[in-house]
There are 2 protein chains.
Amino acid sequence: MSLTVVGSIAFDSVRTPFGEREHMLGGTSVHFSLAARFFTEVRPVGPVGDDFGEAELELLAGRGVIVDDIERVPGGRSFFWRGRYEYDLNVAHTEDTQLGVFGDFEPKLSEAAKSADVLFLANIQPDLQRQVRAQCAGARFCALDSMNLWIDTAKDSLLAAIREVDCVIVNDAEIRQLTGESNLARAARAVMEMGPRAVVAKQGEYGAALFTEHGFFALPGFPLEEVRDPTGAGDSFAGGFLGYLDSQDGDLDDACLRRAMGYGTVLASFNVEEFGTERVARLTREEIDERFEALRDMTDFDVLPASAK
Amino acid sequence: MSLTVVGSIAFDSVRTPFGEREHMLGGTSVHFSLAARFFTEVRPVGPVGDDFGEAELELLAGRGVIVDDIERVPGGRSFFWRGRYEYDLNVAHTEDTQLGVFGDFEPKLSEAAKSADVLFLANIQPDLQRQVRAQCAGARFCALDSMNLWIDTAKDSLLAAIREVDCVIVNDAEIRQLTGESNLARAARAVMEMGPRAVVAKQGEYGAALFTEHGFFALPGFPLEEVRDPTGAGDSFAGGFLGYLDSQDGDLDDACLRRAMGYGTVLASFNVEEFGTERVARLTREEIDERFEALRDMTDFDVLPASAK
């Protein structure tokens with residue numbers, strides 16, 4: 001049971017209508033790992049600069065994340081993103097991006113990272129995703145994320161990377177763009193015909209949908225009256241989803257994938273309640289399980305919510 | 001057990017990337033009634049012109065819809081709408097709207113229509129909705145739809161109408177606009193604080209969400225690889241939803257509302273498979289029940305889809 005994630009470790013400055021924060025630890029691998037650590041041993045791989053200090057290390061290591069594959073690059077600066085969200089939190093504006101040490105990233109995996117049972121290739125250049133995939137040949141389940149940039153600039157590499165994984169986890173707009181197919185069900189089937197056995201379409205506040213050869217499953221976003229910062233929600237989703245899968249023995253069948261969708265949804269929902277990693281950093285397994293059961297009730301035709309029983 | 005719907009009976013000319021049709025019978029009351037008739041006695045109220053002939057009457061009456069409250073206005077023309085959809089079927093363009101006899105619509109309800117158990121006030125001017133509501137004082141469940149036009153031009157009337165119904169069924173963007181609240185859960189609560197016990201947020205291809213005092217329920221849109229014409233999907237949803245509710249004895253509790261959401265989703269999904277009323281007009285109850293069970297499986301954490309069993 002071990003999970004390797006390769007992606008950004010970053011600092012984020014974020015402004016939303018509900019507040020702002022400067023230089024919070026963030027990035028895909030951070031949000032992913034803080035979600036996945038509730039289920040399994042998770043190991044983020046990636047470079048950081050001198051601005052990544054003991055406090056940042058402790059935020060991860062102090063919560064059980066294995067930090068051995070975080071590479072400190074002396075004299076470098078960590079990936080930095082500055083963005084703001086409109087009152088409609090679905091609308092984000094990037095104000096600054098500085099790749100820093102991430103611009104020269106060449107994934108170096110320790111033997112422990114290479115021997116992962118489950119692998120998440122976060123949104124990085126597709127040729128790098130393939131390099132990592134090749135180093136983790138023994139993984140029993142491998143998923144990747146991507147973005148419009150790589151569809152525009154490295155589509156052939158991305159298609160090659162997709163052929164080598166079990167699962168694609170991307171926004172629904174990206175699945176449509178990737179396949180040139182506006183119908184989501186057809187777009188998902190087109191992706192599965194490339195090789196993956198599962199496609200997860202992230203749909204923001206509308207939740208997420210799972211397509212497999214056996215059928216379709218969908219969950220709404222967990223309804224929240226307080227949403228303060230959506231940054232990292234998709235990464236927390238992936239962390240809950242793959243963390244849960246890595247914790248399961250035996251076949252990762254559709255029932256297992258569906259429960260993983262539930263944990264992904266729950267972790268994403270906690271992520272957005274506060275800024276950056278604030279909420280997930282102090283989350284407990286009991287809170288996760290409680291919300292998972294609430295989500296199950298919310299999608300069950302026959303079970304009334306507890307308050308109506 | 002009887003259901004009255006007050007709204008447009010229209011002719012639609014529609015073009016989508018998958019074909020086009022001229023002057024099909026459409027309008028809210030038509031789509032609604034053809035969906036609701038599977039569950040109950042449904043009675044559309046509204047005016048039509050000389051262009052509404054025997055073929056149109058037969059499309060409704062031949063399928064069990066009670067047509068006694070369809071008022072023929074001699075020398076008049078029926079409501080007409082011409083529109084086209086982009087390849088992304090979520091993007092619609094209205095090319096022509098001619099109100100015809102609908103422009104002078106003053107709802108005249110027969111005694112039978114007034115004594116309805118369930119009432120649907122489709123998207124018409126809110127003062128007219130209130131007039132109808134007052135005439136159907138004995139209805140045990142009353143729902144209304146509305147649109148951005150009325151929020152912009154007759155908001156006070158609309159708010160008064162909302163206070164007098166049990167359920168609001170509108171697009172999620174409209175709930176947000178109506179309440180000035182971008183967070184959907186908060187917006188739905190604000191609507192319920194005006195009076196209604198339930199709010200249904202229609203979310204297009206993402207499905208629909210139900211808010212009640214007891215909790216939250218959501219269903220995805222039924223996944224379809226062939227979608228040809230989304231016109232009337234929301235009306236078919238409302239017809240399935242309210243038709244099912246009218247068919248139920250006893251309290252319309254949350255479990256009942258959830259099943260109604262399922263039937264609404266199923267009817268909407270058939271609606272969009274072909275142009276106008278083509279698919280729903282030849283639909284069978286067996287097909288509805290089969291898809292309802294499929295939808296239930298698609299949202300169940302524990303049940304595998306049949307093909308994986």
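## A tour of chain B, strand by strand

Start by selecting B:V14: across from this residue, in β3(B), stands B:R21. Helices (H or I, at least four residues) and strands (E, at least two) are DSSP runs, numbered from the N terminus. Before moving on, note that this is a predicted model, in which local features need pLDDT of at least 70 and side-chain atom pairs count only at pLDDT 80 or more, while totals for chains, interfaces and linings use all residues. Residues are numbered from 1 along each chain as its sequence is written, chains are lettered from A and ligands numbered from 1 in the order in which they are written, and side-chain values use heavy atoms, with hydrogens and water left out.

**Stop 1: strand β2**

Select residues 10-16 of chain B, which form β2. Of its 7 residues, 6 are buried (under 20% relative accessible area, with a 1.4 Å probe and protein chains only). β2(B) and β3(B) run antiparallel, joined by 6 bridges, and a hairpin of 2 residues leads from β2(B) to β3(B). Now look at the other partner: β2(B) runs parallel to β6(B), again through 6 bridges. Here B:V14 stands opposite B:G83.

**Stop 2: the whole sheet**

Show the open sheet of 4 strands, in the order β3-β2-β6-β7 (chain B), with mixed pairing. Strands pair if DSSP finds at least two bridges between them. Which strands stand at the edges? They are β3 (19-26) and β7 (92-98) of chain B; each has a single partner strand, so one side of each lacks a neighbour in the sheet. On average, neighbouring strands are turned by 15 degrees against each other, direction ignored. Then pick β6(B), residues 79-85, which pairs with β7(B) in the antiparallel sense over 6 bridges. B:F80 faces B:Q98 of β7(B) across this pairing.

**Stop 3: two crossing helices**

Select α10 (residues 254-273) and α12 (residues 285-298) of chain B: their axes come within 9 Å and cross at roughly 115 degrees. Axes are lines fitted to C-alpha atoms, for helices over the stretch in contact, and angles run from 0 to 180 degrees between N-to-C directions. Residues in the contact (heavy atoms within 4.5 Å) include B:Y263 and B:F270 of α10(B) and B:I288 and B:F292 of α12(B).

**Stop 4: both chains**

Terms used:
Buried < 20%, exposed > 50% of the residue type's maximum accessible area, 1.4 Å probe, protein only.
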